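Student: I've got a new model open and would like to walk through it with you. Could you help me get my bearings?

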Amino acid sequence: MQPRVGSFSSLEEGQIPLRMMHQYSKHLLPLRLLLLFLLLGVGLVFLYISMYTYRYSNIHNVASSTAATRIQTHHDRCVQESKGLESWIRPPSSLLHAMNDTDLFWRASVVPVIEKYPFERTPKIAFMFLTRGPLPLAPLWERFFNGSERLYSIYIHSSPGYDPGFEPSSPFYGRQIPSQVAEWGRMNMCDAERRLLANALLDFSNEWFVLVSEACIPLHNFTNIYTYISQSQFSFLGAFDEDSPYGRGRYNEGMAPEVNLSDWRKGSQWFELSRKLAVDAVQDTLYHPKFEQFCRPHTCYGDEHYLPTMMTLRSPHLLANRTLTWVDWSRGGPHPASYDEGELTEKFFKDAVGGPEGSCLYNGQTTNVCFLFARKFAPTAVDHLLANSFKFLGF
């Protein structure tokens, strides 16, 4: 008898009937689908976790980088600000610039409101040489300045285009400022003085400003002059109400109401000013136009009247009302006497320049030290002055 299809004998023989295989496949399909979905779900979860981890790590890195950038930027700004302050207070490395007078005077008139300086500052005297050309007495001044480099600065206003030709070892080397024509008796002479003041004001260390000429010499050693100027309560500028044709007689009524006859003053051109008064001179736009319009040569001389009148109107309580520069007008004429080597003796400097005991006031006390500088001295006197500088001048 032939066995039936699907009988138990076929199972015994290790064969699965087709019908049973079909039924078995029906039961395995849902399990396979379930396993597939389970694996797909696990994969999606793993993918999500991986993406989240990467995103968090990237955000963290970006945040860290941003924070680091901000810190570095803040540091750089601090460094830049520090450099900015340093560049603001550092004296110009070169006195040659392209500023015109308007720009220069504006820049020089910028004044800190806070009086205390945020840096270590050694006050200096600015020596301002107003000259048409050479400085024949420079060797004497070089000896005077020697050893006091931290306490002074030098500025030279000469004729435009003039090259003084100083050696690099000289304290005068590279100290010439951009200059313009300055004529005796005209207001452009006062402009030259203001130009010197403005350039010197760019150095915050300059506290006192002394105007001298190519014919001036110092009468004392540097230490004595520095002490005298730095300890004075006043600035040294003569400002006198002179009722004469050479005083009030030079006043022009067109200057009113800014300048009245009662305000009119006369004084020496050679001055010493504090930093405060130097700024006042540079920033003046009220009185200067009046003098420029009405103070003309032969009837008025700006260098004798402008600063004395303007300073009297602005800050009379800050003036000693005398000059520190000795000048001899005893010989008459429009210009003072000039001295050569034959006239320069120890007695000359003691009697003529020294003055009698108690001849002037210094901080309210009488003194016979009234002059720190003197003029005029001929160029040919320089060798004689150098040979006797210690005996005559103390240095």
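**Cores and packing**

Student: Which residues touch the most other members of the largest nonpolar core?

Tutor: That core has 47 residues, and Phe127, Trp141, Phe172 and Phe349 are the ones touching the most other members. A nonpolar core here is a set of buried Ala, Val, Leu, Ile, Met, Phe, Trp, Tyr and Cys residues joined through side-chain atoms within 4.5 Å. Buried means under 20% relative accessible area, exposed means over 50%, and partly exposed is in between, using a 1.4 Å probe and protein chains only.

Student: What is Trp141 in contact with, leaving aside neighbours within four places in sequence?

Tutor: Its partners are Phe127, Phe129, Phe172, Val212, Cys216, Ile217, Pro218 and Phe373. Contact means heavy atoms within 4.5 Å. There is also a second, separate core of 44 residues, and Leu196, Leu277, Ala278 and Cys295 are among its members.

Student: Before we go on, what should I know about the model and the numbering?

Tutor: This is a predicted model, so local features need pLDDT of at least 70 and side-chain atom pairs count only at pLDDT 80 or more, while totals for chains, interfaces and linings use all residues. Residues are numbered from 1 along each chain as its sequence is written, and side-chain values use heavy atoms, with hydrogens and water left out.

Student: Thanks! How many helices and strands are there?

Tutor: The protein chain has 12 helices and nine strands. These are DSSP runs numbered from the N terminus: H or I of at least four residues for helices, E of at least two for strands. Buried residues make up 41% of the chain's 395 residues. Among contacts between residues at least 6 apart in sequence, 79% join residues at least 24 apart.

Student: Let's talk helix packing. At what angle do H7 and H9 pack?

Tutor: H7 (residues 275-283) and H9 (residues 302-314) pack at about 110°, with their axes 11 Å apart. Axes are lines fitted to C-alpha atoms, for helices over the stretch in contact, and angles run from 0 to 180 degrees between N-to-C directions. H7 and H9 are therefore roughly perpendicular to each other. For the cut-offs, under 35 degrees is roughly parallel, over 145 roughly antiparallel, 65 to 115 roughly perpendicular, and the rest oblique.

Student: And which residues make that contact?

Tutor: From H7 you have Leu277, Asp280, Ala281 and Gln283, and from H9 there are Tyr306, Leu307, Met310, Met311 and Arg314. By class, that is six nonpolar, one polar and two charged. Ala, Val, Leu, Ile, Met, Phe, Trp, Tyr, Cys and Pro count as nonpolar, Asp, Glu, Lys and Arg as charged, and the others, Gly among them, as polar.

Student: How does H5 cross H7?

Tutor: The axes of H5 (residues 187-201) and H7 come within 9 Å and cross at roughly 125°. H5 and H7 are therefore oblique to each other. In that contact, Arg194, Leu197, Ala198 and Leu201 of H5 meet Arg275, Ala278, Val279, Ala281 and Val282 of H7. The classes are seven nonpolar, no polar and two charged.

Student: Switching to loops: where is Pro297, and is it buried or exposed?

Tutor: Pro297 is in the loop between H8 (288-294) and H9. Pro297 is buried, with a relative accessible area of 18%. Not counting residues up to four places away in sequence, Pro297 touches Gly185 and Arg186.

Student: What about His298?

Tutor: His298 lies in the loop between H8 and H9 as well. His298 is exposed, with a relative accessible area of 73%. Its phi is near 80°, a positive value in a residue other than glycine. Asn363 also has a positive phi, near 50°, and sits in the loop between S7 (360-362) and S8 (365-367). Asn363 is partly exposed at 23% relative accessible area.

Student: Last one: which peptide bonds are cis?

Tutor: One joins Ala256 and Pro257, with omega about 5°. Pro257 lies in the loop between H6 (222-230) and S5 (272-274). Another runs from Arg375 to Lys376, with omega near 10°, and Lys376 is in the loop between S9 (373-375) and H11 (382-387).
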